[in-house]
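Me: I am new to this structure and would like a short tour. Please begin with the pockets.

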Amino acid sequence: MTAWTDAAHAEVDLAAVLGRQRDRESAARTYARSFPVVPVHADGLRVTGADGREYLDCLAGAGTLALGHNHPVVLAAIRRVLDSGAPLHALDISTPEKDDFTTALLGTLPPELAADCRIHFCGPAGTDAVEAALKLARTATGRQNVLAFTGAYHGMTAGALAASGNIAVREPLADNGFNVTRLPYPYDYRCPFGLGGPQAHHIGARLVESLLTDSHSGVLPPAAMILEAVQGEGGVIPSPDSWLRDMRRITEEHGIPLIVDEVQTGVGRTGEFWAVRHSGITPDVMVLSKAIGGSLPLAVIVYKSTLDSWLPGAHTGTFRGNQLAMAAGAATLRFVAEQDLSARAADLGKRMLAELRVLQGNSSCIGEVRGRGLMLGLEIVNPDATPDALGARPAAPELAAAIRAECLHRGLILELGGRGDSVVRLLPPLTITDQEATSVLNRLGEAVTAVDRGASR
């Protein structure tokens with residue numbers, strides 16, 4: 001039997017807790033399979049497990065924890081609301097917390113969007129916000145087809161999943177009734193045109209234009225284009241700024257609302273407060289979640305007011321009125337802005353990227369290192385396979401999994417993504433210190449070296 005000494009530091013029978021999870025929870029659980037850890041305490045980058053071990057958390061709630069675990073400004077905002085006696089749940093009724101959150105959010109948005117936009121509060125997950133964005137665009141345009149990209153990840157509900165690229169999770173559902181035209185995302189290491197670089201980006205843009213202007217292309221008039229400025233789950237693939245500007249030009253010329261999914265890239269993660277700021281574009285719709293709730297569930301879409309053609313109740317959700325999340329989110333947005341953590345992410349990200357490329361030069365299994373800000377990835381490949389014409393070797397999921405395991409053995413939590421889960425991903429909190437970043441890089445370097453030498457556990 002478990003003997004509880006206090007809520008934060010319980011005496012936990014680790015094997016029993018993990019066993020009950022295995023027996024009680026669904027086969028769809030994911031992170032629990034990779035990380036047999038039962039966290040009992042967390043602070044910033046650091047997580048302490050029930051076994052007493054400390055871990056450096058570079059998963060950070062899949063990018064949710066912009067300020068790390070239990071940041072003081074977040075806890076203070078939550079305590080303030082709890083102690084005030086204010087309602088914790090208010091559906092979509094106006095409250096001081098909601099008013100303060102929308103004020104904080106508007107202050108961070110691209111100015112052209114902030115000047116004339118509407119905010120819609122969705123269910124608490126990013127996937128529901130994607131559903132809302134797609135529904136909004138279809139309502140406003142009267143069209144149904146959506147332009148989406150290879151490698152995309154937008155969520156697990158019906159419309160969001162249809163717009164995502166992972167065949168393994170889409171295939172069992174067959175045709176879910178959503179019209180989606182798939183376009184090639186610029187992925188230089190595995191370029192679909194066999195070229196890579198600016199020439200491939202130009203060809204990709206030209207293909208989109210051709211599909212939209214050719215009366216026999218088979219592409220139905222689109223209600224929207226949806227994309228990520230940096231594909232996260234797709235393998236940490238930043239879109240070139242020039243390509244993103246081309247997508248904005250093309251969609252404007254053809255009257256197609258452009259939806260940018262900033263669920264993982266937002267709130268300073270890529271070195272700008274929002275990833276679209278790198279290219280200077282202004283989308284018609286931005287999908288926001290994860291970090292905007294300050295570690296609590298919150299999701300919204302922000303869109304140009306000209307699209308606001310919904311009837312009352314067109315998209316609702318019981319938990320769109322989470323007052324604690326709004327308070328924590330407003331505190332997080334302001335702290336990131338006031339402390340200029342976007343610039344910090346840009347500077348530290350460049351340093352970490354440079355050091356990871358040194359690691360790449362000393363390793364045989366790292367095909368490419370890439371990323372933007374504190375959104376970094378290492379594509380793991382089979383070093384014994386013959387490279388293709390662009391020099392890319394086949395993905396090596398088993399080596400990536402071995403690196404993840406070696407990292408966990410060394411007290412470093414990180415996750416995989418990309419094709420075949422062959423990309424090792426780093427999503428540390430924006431508050432990570434230089435010393436902590438060095439420790440993360442050292443542990444990752446040791447793990448890669450161990451696997452490279454065939455010494456994985």
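**Pockets and overall fold**

Me: Which elements each supply at least two residues of the lining of the second largest pocket?
Reply: They are α1 (14-24), α2 and α3 (60-63). Helices (H or I, at least four residues) and strands (E, at least two) are DSSP runs, numbered from the N terminus. This is a predicted model, in which local features need pLDDT of at least 70, side-chain atom pairs count only at pLDDT 80 or more, and totals for chains, interfaces and linings use all residues. Residues are numbered from 1 along each chain as its sequence is written, and side-chain values use heavy atoms, with hydrogens and water left out.

Me: Which of them gives the most?
Reply: α1 does, with three residues.

Me: And which residues lie nearest the centre of that pocket?
Reply: Tyr 31, Phe 35, Val 37, Pro 39 and Ile 413 do, out of 16 lining residues. A pocket here is an open set of points on a 1 Å grid over the protein atoms alone, where a 1.4 Å probe fits, with protein on both sides within 12 Å along at least five of seven lines; lining residues have an atom within 4 Å of a point.

Me: How much space lies in it?
Reply: The second largest pocket holds about 330 Å³, counted as the space filled by probe spheres set on the points, which are joined across faces, edges and corners.

Me: What about the largest pocket, what volume does it have?
Reply: The largest pocket has a volume of about 1,200 Å³. It is lined by 45 residues, and Tyr 153, Met 156, Asn 166, Glu 233 and Gly 234 are the closest to its centre. Two or more lining residues come from each of α2 (31-34), α7 (126-141), α9 (167-170) and β16 (415-417).

Me: Changing topic, how many helices and strands are there?
Reply: The protein chain has 15 helices and 17 strands. Its radius of gyration, taken over C-alpha atoms, is 22 Å, close to the 23 Å that the globule rule (2.2 Å times the number of residues to the power 0.38) gives for 457 residues, so the chain is as compact as a globular protein of that length. The C-alpha trace spans about 65 × 65 × 45 Å along its principal axes.

Me: How much of the chain counts as buried?
Reply: Of the 457 residues, 53% do, where buried means under 20% relative accessible area (1.4 Å probe, protein chains only).

Me: Finally, what is the mean pLDDT?
Reply: The mean pLDDT, the predictor's confidence in each residue from 0 to 100, is 93 for the protein chain, and 96% of its residues reach 70 or more.

How values were computed. Buried means under 20% relative accessible area, exposed over 50%, partly exposed in between (1.4 Å probe, protein chains only).
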